[in-house]
Amino acid sequence: MSTLMESTRETKPAALTSVEHPLLVFFDGECGFCNHWINQVMEADHAHRIRFGTKQGKTFREVAKAHPEVANVQSIVVISRNGVGREDILVRSPAVRIIVEGLPGFRFFAFLLQIIPTPICNLGYLVVSKIRGSLLGKLSQCRVPTEQERELFVD
């Protein structure tokens, strides 16, 4: 996949983000590594600025219809509300970078992502994405949010 996906792109008019929840993160719900990482992010996101959805869900299928370039990308996909109320689509290290910005417990990681050039970060991301299945295995089903988490998840 080209690096075109790392540039800013506008999504459909129906907003997936809000001022209260400016980020929507789509992840592989069947990947043990991805679920572990999302759990860590949720725990660190005390402001609840991030909402989540699996790439196996209905909302992501709708996003993929509008933006076919993200349908098969081997990456998390982040819909980010920008300063003018529009939404951008981010993948790979730019997606991770925006997620960890300001999260306690991720400050050193966020610092590294700021000083290491994006192409090198993306290479590291691609390496991890290739071996992620062997790191924590594959789940037989997608993550089911708890009652308290349900408002942070989209279908």
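Biologist: Which strands does helix H2 lie across, and at about how many degrees does H2 run to S1?
Modeller: This is a predicted model. In it, helix H2, residues 58–66, lies across S1, S2 and S3. Its angle to S1 is about 100 degrees.

Biologist: Which helix packs on the sheet, touching S1, S2, S3 and S4?
Modeller: The direction of this helix makes about 115 degrees with that of S4. The helix that touches S1, S2, S3 and S4 is H3.

Biologist: In what order do the strands of the open sheet lie?
Modeller: The edge strands are S2 and S4 (87–91), each pairing on one side only. S1 and S3 (residues 77–81) run antiparallel and are joined by 4 bridges, with Val25 partnered by Val78. The pairing in the sheet is mixed. The order is S2-S1-S3-S4.

Biologist: Which element gives the most residues to the largest nonpolar core?
Modeller: The core has 28 residues, and Trp37 and Val41 are among the members that touch the most others. Elements that give two or more residues include strand S1 (23–27), helix H3 (92–100) and helix H5 (118–136). With 6 residues, the element that gives the most is H1.

Biologist: Is Val41 of H1 buried or exposed, and which residues does Val41 touch?
Modeller: Val41 is buried in H1, as are Trp37, Ile38 and Met42, among others. Leaving out residues up to four places away in sequence, Val41 touches Ile50, Phe52, Ile99, Leu103 and Phe106.

Biologist: How many Å does H1 reach from its first C-alpha to its last?
Modeller: H1 has 13 residues, and at 1.5 Å a residue 18 Å is expected. The model comes close to this, with a reach of 19 Å.

Terms used:
Residues numbered from 1 in each chain as written. Predicted model: local features only at pLDDT ≥ 70, side-chain atom pairs only at ≥ 80, totals over all residues. Heavy atoms only, no water. Core = buried A, V, L, I, M, F, W, Y, C linked by side-chain atoms within 4.5 Å. Buried < 20%, exposed > 50% of the residue type's maximum accessible area, 1.4 Å probe, protein only. Contact = heavy atoms within 4.5 Å. Expected span 1.5 Å × (residues − 1). Pairing = 2+ DSSP bridges. Axes fitted to C-alpha atoms, helices over the stretch in contact; angles between N-to-C directions.
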